[in-house]
Amino acid sequence: MLGAPLRRCAVAAAAAARASRRSLLHSAPAPGPAAGMNTLVGYDLVPEPKIIDAALRACRRLNDFASAVRILEVVKDKAGPHKEIYPYVIQELRPTLNELGISTPEELGLDKV
């Protein structure tokens, strides 16, 4: 009697697991700070500098330089046509970037690619 409901539950859990593997920052299941950033990217907003600061610190803790730079790229993309937002965010994050040794995409020359 319980077999059919348990099977439906297992099938639903497997489908949810497959759906959650879709990620905007990484093609594989998003571990660590990328998981939270994927959620924020889905919203129609630019995250506050203190949220980005926490994500960058998490990337540094995990020695994940690529994700740190990708987070900054996503912030620039989310700013869109509002050209004053990204420089403000970088200005607010500059002490953190210097402390953690993280370069911006512009400093790495990725904005010209």
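1. Helices here are DSSP runs of H or I with at least four residues, strands are runs of E with at least two, and both are numbered from the N terminus.

2. On provenance, this is a predicted model, in which local features need pLDDT of at least 70, side-chain atom pairs count only at pLDDT 80 or more, and totals for chains, interfaces and linings use all residues. Residues are numbered from 1 along each chain as its sequence is written, and side-chain values use heavy atoms, with hydrogens and water left out.

3. As to overall composition, the protein has six helices and zero strands, in the order α-α-α-α-α-α from the N terminus on. Of its 113 residues, 30% count as buried, where buried means under 20% relative accessible area, exposed over 50%, and partly exposed in between (1.4 Å probe, protein chains only). Among contacts with a separation of 6 or more, 54% are between residues 24 or more positions apart; a contact requires heavy atoms within 4.5 Å.

4. Helix α5 covers residues 85–100, which is 16 residues. The distance from its first C-alpha to its last is 22 Å, close to the 22 Å expected at 1.5 Å a residue; the expected span of a helix is 1.5 Å times one less than its number of residues. Just after α5, G101 has a positive phi of about 75°.

5. How do α3 and α5 pack? Two packed helices are described by the angle between their axes and the distance between the axes. For α3 and α5 the angle is about 25° and the axes are 10 Å apart. Axes are lines fitted to C-alpha atoms, for helices over the stretch in contact, and angles run from 0 to 180 degrees between N-to-C directions. The angle makes α3 roughly parallel to α5; under 35 degrees counts as roughly parallel, over 145 as roughly antiparallel, 65 to 115 as roughly perpendicular and the rest as oblique. The contact is made by P49, I52, D53, L56, R57 and R60 of α3 with Y88, V89, E92, L93, T96, L97, E99 and L100 of α5.

6. The axes of α4 and α5 come within 9 Å and cross at roughly 155°. That makes α4 roughly antiparallel to α5. This crossing, too, is right-handed. On the α4 side L72, V75, K76 and A79 take part, and they meet I85, Y86, V89, I90, L93 and L97 in α5.

7. Within α3, the end C-alpha atoms are 18 Å apart, in agreement with the 18 Å that its 13 residues should span. P49, I52, D53, A55, L56, A58 and C59 are its buried residues. I52 is buried, at 0% relative accessibility. Not counting residues up to four places away in sequence, I52 touches P47, I71, L72, V75, V89 and L93. The C-alpha atoms of I52 and L72 are separated by 8.3 Å, at 20 residues apart along the chain. N63, which follows α3, has a positive phi near 55°.

8. Within α4, the buried residues are S67, A68, V69, I71, L72, V74, V75 and A79. V69 has a relative accessible area of 5% and, leaving aside neighbours within four places in sequence, is in contact with S103, P105, L108 and L110. The C-alpha atoms of V69 and S103 are separated by 7.3 Å, although the two residues lie 34 residues apart along the chain. G80 follows α4 and has a positive phi near 55°.

9. Is the loop residue T104 buried or exposed? T104, placed between α5 and α6, is buried, with a relative accessible area of 3%. Its contacts, leaving aside neighbours within four places in sequence, are L72, Y86, I90, R94 and L97.

How values were computed: A crossing is left-handed if the near helix is turned anticlockwise from the far one by less than a right angle, and right-handed if clockwise.
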